[in-house]
Amino acid sequence: MPDEAELDQASPVLDVIRAGFGAAGPASEYLPVDGFDEVYCRIHSSHVMGFHEYVVLCEQGRRAARFVVRGKSHEGGAVSAFLDFVCARRGLAFDGRSHHKVRMPIPVRRFTHALFCAPPLGQAYQAYPALAPRVATAFPIFDCEIGDADPEVLVDARIHGHGALPYSDWGREPQPVVDLRFDIEHSDHRREKTFKVYRPTDFEGLLAVLPDATAQSWLEARSFRGEVRRFTPGSAASVTEGTSFILG
């Protein structure tokens, strides 16, 4: 990341964005958001099929937090509520930590928390060196989607890896933490000795084959609370029970 001297001489983030993407859309497309200081929005493509990009500036415009909302799930009241929350914490992602999971006092739609990611983790504009170190990422989440004690590597896997959170879709269902390790015969995955990030559908599939596996087979699931539950052929749970565990 740039040091403070470099930041003092840096061009405002919005100017760099406008210059870098000028060919794709004129500067006038990044418009001030009524009622919010130093917040701008651009609508990409159509209102329904595209997405809304919000840029919340801080440090005299030299840094910013950014989030996007798919057009089909965009709703002005929910966005305004989330903007209120982000604007009150617009510099939070630049405090030296990789991420912050913060409970919101009032849910935004059904989302109860916000995730603030430092630029290296959020990866906003990662293809543009002039912007990548200066733009953080923020978006609403369900409590069950990021563990309170998750290290950066797990958060990275949850938001960018296999079965990543579709975090620009504000109309989505919860996608809970599913960390698994197992040794199951007659399964597609077969064996995993350490906890890795999996999708809920992987968990459901393993639960389904576990009753017919050998007696020595086992499956352990870790939820967002850090709790671990072990399943065996003799104590295999239904998909409903497994889902209840990971959702809390």
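## The contact

In this predicted model, helix 6 meets helix 7 through F203, E204 and L207. On the helix 7 side, the partners are V239, G242, T243 and I246. By class, the contact of helix 6 with helix 7 holds 4 nonpolar, 2 polar and 1 charged residues.

## Crossing geometry

Two packed helices are described by the angle between their axes and the distance between the axes. Helix 6 spans residues 200-209, and helix 7 spans residues 239-247. Their axes come within 9 Å and cross at roughly 140°. Antiparallel starts over 145 degrees, so helix 6 counts as oblique to helix 7. The crossing of the two helices is right-handed.

## The buried face of helix 6

Which residues of helix 6 are buried? They are D202, F203, L206 and L207. Seen down the axis of helix 6, these residues fall within an arc of 135°, so they line one face of the helix. F203 and L207 are buried and also take part in the contact with helix 7.

Helix 7 is one of the elements that cover the buried residues of helix 6. The cover also includes strand 8 (179-183), strand 10 (218-222) and strand 11 (228-231).

## The chain as a whole

The chain has 7 helices and 11 strands. Of its 248 residues, 48% count as buried. Among contacts between residues at least 6 apart in sequence, 53% join residues at least 24 apart.

How values were computed
Residues are numbered from 1 along each chain as its sequence is written. This is a predicted model: local features need pLDDT of at least 70, side-chain atom pairs count only at pLDDT 80 or more; totals for chains, interfaces and linings use all residues. Side-chain values use heavy atoms; hydrogens and water are left out. Axes are lines fitted to C-alpha atoms, for helices over the stretch in contact, and angles run from 0 to 180 degrees between N-to-C directions. Helices (H or I, at least four residues) and strands (E, at least two) are DSSP runs, numbered from the N terminus. Angles under 35 degrees count as roughly parallel, over 145 as roughly antiparallel, 65 to 115 as roughly perpendicular and the rest as oblique. A crossing is left-handed if the near helix is turned anticlockwise from the far one by less than a right angle, and right-handed if clockwise. Contact means heavy atoms within 4.5 Å. Ala, Val, Leu, Ile, Met, Phe, Trp, Tyr, Cys and Pro count as nonpolar, Asp, Glu, Lys and Arg as charged, and the others, Gly among them, as polar. Buried means under 20% relative accessible area, exposed over 50%, partly exposed in between (1.4 Å probe, protein chains only). The arc is that of the directions from the helix axis to the C-beta atoms.
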